[in-house]
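The tour below moves from one selection to the next and says what is to be found at each stop.

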Amino acid sequence: MRYLTFALGKGRLANSALDLFSKVGITCDEMREGNSRKLIFENEDQKLRFFLAKSPDVPTYVEYGAADIGIVGRDTILEEGRNIYEVLDLGFGSCRMCVCGPASAADLLTHHEQIRVATKYPRIAKDYFYNEKYQTVEIIKLNGSVELGTMVGLADLIVDIVETGSTLAQNGLTVLEEILPLSARMVVNPVSMKLEQDRISKLTADLRRVISPKEE
Ligand code: PRP
């Protein structure tokens, strides 16, 4: 039996994914040992291999078949636009992609004037403004702490992930419009889907059974 390889997005999602996997008998305890610099972990008995990658790289590994399966947020899947199958909503990592800014900027969304929008997600932001709001925007790509974009005068608004809302609240910003609900998803390489159909279908069915129905 060949190894089935999983790429997990680093951070909160990876730990939740390991918790979920353990409920269906898939374990990789070695991966939870936080201090290690090791990159690939194997469960030899189950012929499973896991690695952690930066989230935006997970769809890349899966598209090229370097990983059969990926665990990553819907935001990253949409932003990366890779040729992969999204097979399961894992029910954790729930948050929203939103247009945010100071409450006083709400007006900018009601006229069709050109505005500047800072975001880590240029594709999602462009799609929303051009195809849903028919508003011309100048997108400025940032790589983190996107809230700063509006606070220091770089942009009029931001498009960013809102989970608890506390980052916005602590910086005097608010949600102005909601773009999309988000959560962690399981993605599969199209060729692996055929070659490993039995194992992947069983895994998907097992996971479906343990995913909390109210979160799914
Ligand atoms: C994300 C997101 C917001 C924050 C939202 O940033 O970009 O800044 O979390 O969470 P909240 O609504 O619970 O406050 P992340 O922590 O991933 O880091 P980043 O700012 O460097 O992207």
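In what order do the five strands of the open sheet lie? The order is 8-7-9-6-10, and the pairing within this open sheet is mixed. Before going further, note that this is a predicted model, in which local features need pLDDT of at least 70 and side-chain atom pairs count only at pLDDT 80 or more, whereas totals for chains, interfaces and linings use all residues. Residues are numbered from 1 along each chain as its sequence is written, and side-chain values use heavy atoms, with hydrogens and water left out.

Helices (H or I, at least four residues) and strands (E, at least two) are DSSP runs numbered from the N terminus, and two strands are said to pair if DSSP finds at least two bridges between them. Select 137-141 and 174-182 to see the edges of the sheet, strand 8 and strand 10, each of which pairs on one side only. Averaged over the sheet and with direction ignored, neighbouring strands are turned by 25 degrees against each other, where axes are lines fitted to C-alpha atoms, for helices over the stretch in contact, and angles run from 0 to 180 degrees between N-to-C directions.

Now colour strand 6 (residues 95-101), which pairs with strand 10 in the antiparallel sense over seven bridges; Val99 has Glu177 of strand 10 as its bridge partner. Strand 7, by contrast, pairs with strand 8 in the parallel sense, over five bridges, and Arg116 stands opposite Glu138 in strand 8. Because four of its five residues are buried, strand 7 is largely enclosed by the rest of the structure; buried means under 20% relative accessible area, exposed over 50%, and partly exposed in between (1.4 Å probe, protein chains only).

Leaving aside neighbours within four places in sequence, Glu147 is in contact with Ile158, Asp160, Thr167, Leu168 and Leu173. Glu147 and Leu173 are 26 residues apart in sequence, with 8.0 Å between their C-alpha atoms.

Is Ser183 buried or exposed? Ser183 sits in the loop between strand 10 and strand 11 (184-188), and it is buried, with a relative accessible area of 6%. Show side chains here to find a polar contact of 2.8 Å between Ser183 and Asp89 and another of 3.1 Å between the side chains of Ser183 and Arg185; a polar contact is a pair of N or O atoms within 3.5 Å, and within protein one must be able to donate a hydrogen and the other to accept it, while residues adjacent in sequence count only if both atoms are side-chain atoms.

Move to strand 1 (residues 4-9) and strand 3 (residues 48-53), which run parallel and are joined by six bridges, with Thr5 opposite Arg49. Strand 2 (residues 40-43) runs antiparallel to strand 3, with four bridges between them. In the hairpin of strand 2 and strand 3, which has four residues between the strands, Lys47 takes a positive phi near 55 degrees, and this residue is partly exposed, with a relative accessible area of 23%.

End at Tyr134, in the loop between helix 4 and strand 8, which has a positive phi of about 50 degrees although it is not a glycine. Tyr134 is exposed, with a relative accessible area of 63%.

Note on methods: Contact means heavy atoms within 4.5 Å.
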